[in-house]
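User: I'd like to learn how to read a few features of a protein model. Could you walk me through them one by one?

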Amino acid sequence: MHTAKLLLLALAGIVQSHMHLHYPPTLKGENNPHTQGESDPYLNYNYGCCGREVPGPCKGHLDLVDTDEGKPVVTWAPGQKVNFTLSGSSTTGVKGGTHYGGSCSVGFSTDKGKTFKVATTWNGNCPHRKGSTDPSTQSFDFTVPADLPAGDRTIFAWTWLNREKEFNMNCAVVTIAGSERPQDPGYQPASSSAAPKPSSSPQSQPPKSQSSKAAQQPTGTQPSSSQPTGSAQYTIEGCTCSCPYQTWSPACSCYGCKSPTTKRHLVERKALEMHKRHMQNAEKLNVPVRRAETVAWTSRPDMLLSIDFPGASCHSKGNPFELEFPNPGPDVVEGDGEYELAVPDCS
């Protein structure tokens, strides 16, 4: 044990910027009350790291779901606003570093890991570049899909892809309550459940490599009367921008910019923010607007799980781009625009 601790300390200056799902406690996590024996020291690290063979989904721990180690660690309800937290050195990333931000996705599996459906997507700025009040952890809010089936061995999954083209995935087993109010002291309808703070641990450093099988406000116009069907048009910084009538729309499309030096991806983000404000104002004035259709749980896209590791089917562009998920689902949290987004190559 003493030798292992010395090894971890020796590696501290070599491998740093990584993170893992801290809450809800991940399978084989050191803070998971159901973990038996040693926790997984590789939870912080990307797939393909440290000379190991690439594990399967959930860091290769799906075989624990039907065991005592796979007992649920939290109870959530369909339609409930909840949160998850991330812990590790990447939550305090250095500005300009390739671990500074990234893109995340969370979702659920209701068939013990055979398939995973998207719940919410963060295109860029995950983890948050501005950090948090607690430098050791960051919290992210999302809403459990309203029609997610009830179950006591539902798998919650979190994935992350940074600009260094490193992919990580952690999972936690949760209970999804039925029609009755869940019997959980942390249950708070339409509000975030408080997640416990992580403790400092040598788990933030990997063991020795080994083989294993396991800005300024934009100026613009009101929507044009000649707008295309199903969208609104705005003029921003000399560009014409078209935005679908969907508050969750992942992006507006801008074109015809007068200046060749215009950074179109930044203008598109400004257009999206302007469009959201227009939608909100119209709603306050009881002006009918077309909203995004509710997407049934069974119709949501599958999570992107095969990317940027040996043998993966998709590969991101990497620095200086952050990943734009090709099928993000209906609930998308937009990033801060510091880095341009790019979809991966899955050909």
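This is a predicted model: local features need pLDDT of at least 70, side-chain atom pairs count only at pLDDT 80 or more; totals for chains, interfaces and linings use all residues.

User: How many disulfides does the count come to?

Analyst: Residues are numbered from 1 along each chain as its sequence is written, and side-chain values use heavy atoms, with hydrogens and water left out. A disulfide is a pair of cysteine sulfur atoms within 2.5 Å. By this rule the count comes to 5 disulfides.

User: Are C104 and C126 buried or exposed?

Analyst: Buried means under 20% relative accessible area, exposed over 50%, and partly exposed in between (1.4 Å probe, protein chains only). Both C104 and C126 are buried. Their sulfur atoms lie 2.1 Å apart, and with -90 degrees about the S-S bond this link is left-handed. C104 is part of strand 4 (residues 103-109) and C126 of the loop between strand 5 (117-123) and strand 6 (137-143), so parts 22 residues apart in sequence are tied together.

User: What is the handedness of the link of C314 and C346?

Analyst: The angle about the S-S bond is 120 degrees, and the link of C314 and C346 is right-handed. It joins distant parts of the chain, 32 residues apart: C314 in the loop between helix 2 (264-284) and strand 12 (322-323), and C346 in the segment after strand 14 (341-342). C314 is buried, at 5% relative accessible area, whereas C346 is partly exposed at 40%.

User: Which residues have the most contacts inside the largest nonpolar core?

Analyst: A nonpolar core is a set of buried Ala, Val, Leu, Ile, Met, Phe, Trp, Tyr and Cys residues joined through side-chain atoms within 4.5 Å. The largest one here has 25 residues, and those with the most contacts inside it are W76, F84, F108, F142, F156 and W158. At least two residues come from each of strand 1, strand 3 (81-88), strand 4, strand 5, strand 6, strand 7 (151-161) and strand 8. A second, separate core has 22 residues, including L64, F116, V118 and L323.

User: What is F156 in contact with?

Analyst: Contact means heavy atoms within 4.5 Å. Leaving aside neighbours within four places in sequence, the partners of F156 include L21, W76, F84, F108, F142 and C171.

User: Which residues line the largest cavity?

Analyst: Rolling a probe the size of a water molecule over the atoms shows where empty space is left. On a 1 Å grid over the protein atoms alone, a cavity is a set of points where a 1.4 Å probe fits but cannot get out; lining residues have an atom within 4 Å of a point. The largest cavity is lined by Y42, Y45, N46, Y47, G48, C49, R52, E53, P55 and K59.

Key
Helices (H or I, at least four residues) and strands (E, at least two) are DSSP runs, numbered from the N terminus. On a 1 Å grid over the protein atoms alone, a cavity is a set of points where a 1.4 Å probe fits but cannot get out, and a pocket is an open set with protein on both sides within 12 Å along at least five of seven lines; lining residues have an atom within 4 Å of a point.
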